[in-house]
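Here are a few notes to go with the structure you asked about. Have a look at it first, then read the points with it open beside you.

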Amino acid sequence: MTFTVVKEDVGETSDGVQKMTLAEFLASPESDRNYEFVDGQLVEKMSPKRFHASLQAELLIFLRTLFEGKGFVYPEWGIVLTRNGQDWCPVPDLTYISLGRLPSGVGNEMCPVAPELVIEIMSEGQTFKEFVAKAGDYLKAGVLRVWVIDVMYRTLTVFYADRAPETYRGDRLITDELFPDLSVSSEQFFVKAGI
């Protein structure tokens, strides 16, 4: 991962890398670009390739229909959370937040609370181990479900705060008590995305 230093007057880590505050990040033009804010630094997100983009589009269409009238599904919407006691602003591939969970009056800003669901689609060169750690961070920050999708192995793994993760492949239906109307196989997404 590439770290980009935006401010040089905020303090240094033990390895001499400059840090910035959450307020500085949110006020910077980089907060509107494809960066995540991690441990006081900017981390550039990978640019999605065709399969990633196609899968993201199919999931967006499916989830917007599933959650119509119940909440919002957004691609690439940054979330203000806490990770290891520090400010953290990840940018999941997709985010679902219910009407009841999203505070009224939220404008054109990052999501100010932990949503019910975040979805991360693995890109080439990324490892499942990285996403297991990130899923754990999301759950500790109050996200209720995390889906990690591995395009190469055609799997969708659901992470829960209160039990072990479950991996779905093929025609096995994904169901969840948190989302009573959900009943779909991971394979359906891969087929619709042309993967």
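**Notes on a strand and a helix residue**

1. Start with the side chains of β7: Leu94, Tyr96 and Ser98 point one way, while Thr95 and Ile97 point the other way, and all of them are buried. Keep in mind that this is a predicted model.

2. Now take β7 as a whole. The strand covers residues 94-98 and is mostly covered, with five of its five residues buried.

3. Which strand pairs with β7 over five bridges? That's β4, residues 71-75, and the pairing is antiparallel. If you want one spot to look for, find Pro75: its bridge partner in β7 is Leu94.

4. β7 has another partner too. Three bridges join β7 to β8 (residues 117-121), and these two strands also run antiparallel.

5. Next, move over to helix α3, which spans residues 128-140 and holds Asp137. Is Asp137 buried or exposed? It counts as buried because its relative accessible area is 13%, and the cut-off for buried is under 20%.

6. What does the side chain of Asp137 make a polar contact with? Look for the side chain of Arg83, at 2.9 Å. If you set aside the neighbours within four places in sequence, Asp137 is in contact with Arg83 and Trp88.

Notes. Residues numbered from 1 in each chain as written. Predicted model: local features only at pLDDT ≥ 70, side-chain atom pairs only at ≥ 80, totals over all residues. Heavy atoms only, no water. Buried < 20%, exposed > 50% of the residue type's maximum accessible area, 1.4 Å probe, protein only. Helix = DSSP H or I, 4+ residues; strand = E, 2+ residues; numbered from the N terminus. Pairing = 2+ DSSP bridges. Polar contact = N/O pair within 3.5 Å; in protein donor to acceptor, adjacent residues only side chain to side chain. Contact = heavy atoms within 4.5 Å.
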